[in-house]
Amino acid sequence: MALCLALLFFLVSSASASAAATCNRCVHQSKAAYYYDDTPIPYGACGYGALAFELSNGYAAGVVPSLFKQGAGCGSCFQVRCKDRRFCSRVGTKVVATDQNYDNRYDFVLSKKAYASMDLKNKTNELLNLGTIDVEYKRIPCTYKNKNLLVRVEEWSQKPFYLALKFLYQGGQTEITRVEIAEVGSDNWESMKRNYGAIWDINKQLEGALQLKIVVTSENNQIENLYWAVNDLPEDWENGEIYDTGIQINNIDKETCPRNQCGDLPWK
């Protein structure tokens, strides 16, 4: 009897192992639409403003709430590929999440530039005329050559009583889940809160130069990684200015997928 149970356990375990795989990213099926012009992009829910164009090089996307993650998904990168072989190449496009899409019929609303870049040669107009397309997509690490994580002091900050920071050029494949701030030389760390999108703020009197700690989390593995900003926010920080933290975030989240959805395999 014990032998039979052991054999059954082995067979179930083997079947589970063969049905799932741990890989860098999983492939998902959905639909995508596009913005007919660029007007909505600076007003995206991530709060990037006009910097959304610079951050994404024009390859921007609004994503559904499950990808937006109450703002934690802002700045996430995805490879999206159209499945209509009449009009689309097999390469797809790479986009940065800069907005939330509230229409659950589509996981993505792409910038016109990103949508059109999926075309076959001389098929751009036909692809645009479709308006919506079936797509497959996977999350991919964000890579910004020669770019550190930057912070922008938002215009509505009121020195020294209130500070709002926007994070730009977050690399890798994780989310910022906690930000702490302290006066340089102090161990009295204060937690900032996510105001919305990529913007974190704090209502606290802070004097002089300021130091930052950033925690990023791998959603699927629940692993936290702590980063200390190399560069402090200077004592004379100004609203609207962008400052270099001196660090690069490049962690990659691992996902467990059904083996046929593992993005490390060739796409069909």
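**View 1. The disulfides of the predicted model, with the Cys46–Cys74 link in close-up**. The structure, which is a predicted model, holds three disulfides, and one of them joins Cys46 to Cys74 with an S to S distance of 2.1 Å. The torsion about this S-S bond is -95°, which makes the link of Cys46 and Cys74 left-handed. Cys46 lies in the loop between strand S2 (28-34) and H2, whereas Cys74 lies in the loop between helix H3 (65-68) and strand S4 (77-82), so the pair ties together parts that are 28 residues apart in sequence. Cys46 is buried, with a relative accessible area of 0%, and Cys74 is buried with a value of 6%.

**View 2. The disulfide of Cys77 and Cys142**. The sulfur atoms of Cys77 and Cys142 are 2.0 Å apart, and the link is right-handed, with 115° about the S-S bond.

**View 3. The disulfide of Cys82 and Cys88**. Cys82 is joined to Cys88 with an S to S distance of 2.1 Å; the link is right-handed, with 65° about the S-S bond, and both Cys82 and Cys88 are buried.

**View 4. The largest pocket and its lining**. The largest pocket, with a volume of about 320 Å³, is lined by 15 residues, among which Ser56, Lys94, Val96, Thr143 and Tyr144 lie nearest its centre. Helix H2 (51-56) and strand S5 (93-100) are the elements that give two or more residues to this lining, whose residues divide into 10 nonpolar, three polar and two charged.

Technical notes: Residues numbered from 1 in each chain as written. Predicted model: local features only at pLDDT ≥ 70, side-chain atom pairs only at ≥ 80, totals over all residues. Heavy atoms only, no water. 1 Å grid on protein atoms, 1.4 Å probe; cavity = no way out; pocket = protein on both sides within 12 Å on 5 of 7 lines; lining within 4 Å. Points joined across faces, edges and corners; volume = space filled by probe spheres on them. Helix = DSSP H or I, 4+ residues; strand = E, 2+ residues; numbered from the N terminus. Nonpolar A, V, L, I, M, F, W, Y, C, P; charged D, E, K, R; others polar. Disulfide = S-S within 2.5 Å. Buried < 20%, exposed > 50% of the residue type's maximum accessible area, 1.4 Å probe, protein only.
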